[in-house]
Amino acid sequence: MSELTESIQALSTSQALLKEFAKNMEKDRTFGKEAYQEKINDIRDYANGLAIVTYLVPAQNQTVFGDVSLQEILRTQLGQIQNVIHALRTPEGASEAEATYDLKESDVRRMVSSLQGMIEMNNLMRKEEDVVFPAKHEEAQLKEKPAATSEKKGFFQKLFGK
């Protein structure tokens with residue numbers, strides 16, 4: 001695998017992790033409240049914005065051990081975004097983008113500009129308060145994934161939320 005493909009793959013995998021983090025935040029009793037909805041929406045918007053390049057490569061499953069920190073995910077993604085930009089700006093990366101992904105020079109330019117905007121959004125999000133899910137909590141969230149359990153939880157949230 002080339003540098004460009006590896007960089008996009010890593011970013012795609014961490015994007016999937018960030019989307020899962022937002023889902024877990026929404027399900028959590030503390031972070032599921034209205035006060036945190038803006039933060040959850042910002043995380044989702046940011047994660048969806050990464051699709052400017054991540055659509056090129058499917059995400060790989062990643063197993064997380066230990067606590068999951070939003071700041072840590074964002075710091076990792078900052079480096080990954082910078083790696084993708086660097087790879088796209090090299091002559092080898094530009095030729096690979098054209099050969100492998102059928103991207104023209106203008107497509108690469110738009111991607112780089114969009115990714116620079118994602119860096120700015122990343123920097124703003126890292127200035128906000130950190131959210132950490134302990135490992136035990138993360139495992140509990142994974143166990144609650146069956147549809148019947150989540151429907152009951154949604155029902156009670158609707159019932160007591162009004």
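Select Glu26 and Arg44 to begin: these residues form a salt bridge whose closest N and O atoms are 2.7 Å apart. The term denotes a side-chain nitrogen of Lys or Arg within 4 Å of a carboxyl oxygen of Asp or Glu. Glu26 belongs to helix α1 (residues 3–27) and Arg44 to helix α2 (residues 37–49), so the pair ties together parts that are 18 residues apart in sequence. Helices (H or I, at least four residues) and strands (E, at least two) are DSSP runs, numbered from the N terminus.

The model is predicted; local features need pLDDT of at least 70, side-chain atom pairs count only at pLDDT 80 or more, and totals for chains, interfaces and linings use all residues. Residues are numbered from 1 along each chain as its sequence is written, and side-chain values use heavy atoms, with hydrogens and water left out.

Colour the first pair by accessibility. Glu26 is partly exposed at 33% relative accessibility, and Arg44 is likewise partly exposed, at 28%. Here buried means under 20% relative accessible area, exposed over 50%, and partly exposed in between (1.4 Å probe, protein chains only).

Next, select Lys39 and Glu128, a salt bridge with its closest N and O atoms 3.1 Å apart. This pair links distant parts of the chain, 89 residues apart: Lys39 is in helix α2, and Glu128 is in the loop between α6 (105–126) and β2 (132–133). Lys39 is buried at 10%, whereas Glu128 is partly exposed at 34%.

Finally, move to helix α6 and select Arg110 and Asp107, which are 3 residues apart, or about one helical turn. Their salt bridge has closest N and O atoms 2.7 Å apart. Asp107 is partly exposed, with a relative accessible area of 22%. The count of salt bridges comes to 4.
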